Amino acid sequence: MTTLENIVQYAKAQGFVFQGSELYGGLANTWDYGPLGALLKQNIKKAWIDRFQRQSPYNVLLDSSILLNTEVWKASGHLGGFSDPLTECRSCNMRFRADKLIEEHDKTTSPDGWSNEKMYQYLIDHEVACPNCGKKDFLPIRSFNMMFQTHQGVVLDTASKIYLRPETAQGIFIQFKNIQRTTRRKVPFGVCQVGKSFRNEITPGNFIFRTREFEQMELEFFCKPGTEIEWFKYWKQACMQFLLDLGVNKQDLKFDDHKPEALSHYSNATTDIQYNFPWGFDELWGIASRTDFDLNAHQTHSGENLTYLDPDTNERYLPYVVEPSVGVERLFLMFLSNGLTEETLENGDIRQILKIHPALAPYKAAILPLFRKEHKDLAEKIYADLSKHFDVVYDETQNIGKRYRRQDAIGTYLCITVDHDSEATQTVTVRNRDTMEQERIAITDLRAYIEKTIEF
Ligand code: ATP
């Protein structure tokens, strides 16, 4: 099992993830995605959109604003209720999320749905110790609103105060009518959105697992009341299948179905897909059946009728919603954790490999002239042709063995080598990252060959 420390070191060394604002001493818990990380992130988002929107007969896309009218957050409950239970150690003044302290104290206890008072009582009764100083003396729990505030315009008064969205979902709910009208979709249909969200988390950490700025990929799936559990099961399986198809080890994934008493008041079914991160199983993807809570809240608060008229049955109703919601960075961390591998070769050398699905690999192929002098021109031509279709990389430095290792380490799926026979035969060797096997392929077939590898 790869440790978190190894992943962090690897990510920095190879140019996947750098510390944010490093030049100025950093800014706590912010991360920048380097040349390879930016490609991996882009590929994760593309894979999600391909599977959940492009290949789905039901779903369409939306790209809504990060800044929304403050009424949205009043209606959704975020301004009142979107808060974490915050407690503070009286001795060292470190702040913690009470629910996380309880979960860490006893993994079988789930404080979801507990009141602040109940959580505080638990801390006292079970003599939960401060993870920092070990003292068992916490201050009563306060609710801490996690929304980032800013001001719009030049006047810093209360009227200009606005918030950065803490989730992308509300942007979808408030455009439900426009989307339905313009696409003429019939229920059931869904809306996919990828975008940044911001939460002033009390306890960010575990590298990119929990940060204050992150990207979400959310699907709000609208269905007829009474059919939501069926759809909930459908999307639950679809999310799991997506991960398996992208090569995540089955034994490192599991569903954590929430017990009825732990459900949010608006939900009649919720599950998390958990992944076995280096510190143990933890939430990757939340899937919730949210009833008509959101549309109802916006209908009431805005005074606009958000009901849907079924053209076939003439029934009018507020659709129910099933929401699978996942963080791009959590998937990113999972794919690094799942893929980082070391193999000992026959000669005793260590081969580092990022075993990641070719669809996600930053580079699909590396184009390598065996000898710079003789093979450069043809290799550059192949590079120019393939780069119109795929992310590929050209490398002519050092000996071929070293170049193979370098590509293995960053997950490049194929190494295409131009050698002495290439010009005359118009063929190249193609080496597979995982098996290290090589085959000779016609240059004109390369595009179709790569295309095949990235299907999932
Ligand atoms: P938690 O209980 O861990 O704070 P949550 O249950 O509030 O998370 P949701 O609101 O369900 O999380 O968010 C949906 C998904 O968005 C999560 O499963 C996760 O993948 C991602 N996500 C949420 N918060 C963060 C964060 N601070 N950093 C990175 N990803 C996040």
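This is a predicted model: local features need pLDDT of at least 70, side-chain atom pairs count only at pLDDT 80 or more; totals for chains, interfaces and linings use all residues.
R97 and E201 form a salt bridge in which the closest N and O atoms are 3.7 Å apart. The domain assignment divides the chain into domain 1 (4–81 + 147–335), domain 2 (83–145) and domain 3 (363–453).

**Interface of domain 1 and domain 2**

- The contact between the two domains involves 12 residues from domain 1 and 11 residues from domain 2.
- On the side of domain 1 that touches domain 2, the residues comprise 4 nonpolar, 5 polar and 3 charged.
- Polar contact across this interface is found for 3 residue pairs, with both residues of a pair at pLDDT 80 or more.
- The size of an interface is often expressed as the accessible area lost when the parts come together.
- For domain 1 and domain 2, the area buried between them is about 930 Å², and carbon and sulfur atoms account for 44% of it.
- The C-alpha centres of domain 1 and domain 2 are separated by 27 Å.

**Largest nonpolar core**

- The largest nonpolar core contains 62 residues.
- Within this core, the residues that touch the most other members are F16, W48, L243, L284, W285 and M334.
- Domain 1 (4–81 + 147–335) and domain 3 (363–453) each contribute at least three residues to this core.
- When neighbours within four places in sequence are left aside, the contacts of M334 are L243, V248, L253, Y275, F277 and L284.

**A separate core**

- Another core, of 18 residues, lies apart from the largest one.
- Its members include L386, V392, L446 and I450.

Note on methods. Residues are numbered from 1 along each chain as its sequence is written. Side-chain values use heavy atoms; hydrogens and water are left out. Domain bounds come from an automatic or database domain assignment. Contact means heavy atoms within 4.5 Å. Buried area is the accessible area (1.4 Å probe) that two parts lose on being put together, summed over both. A salt bridge is a side-chain nitrogen of Lys or Arg within 4 Å of a carboxyl oxygen of Asp or Glu. A polar contact is a pair of N or O atoms within 3.5 Å; within protein, one must be able to donate a hydrogen and the other to accept it, and residues adjacent in sequence count only if both atoms are side-chain atoms. Ala, Val, Leu, Ile, Met, Phe, Trp, Tyr, Cys and Pro count as nonpolar, Asp, Glu, Lys and Arg as charged, and the others, Gly among them, as polar. A nonpolar core is a set of buried Ala, Val, Leu, Ile, Met, Phe, Trp, Tyr and Cys residues joined through side-chain atoms within 4.5 Å. Buried means under 20% relative accessible area, exposed over 50%, partly exposed in between (1.4 Å probe, protein chains only).
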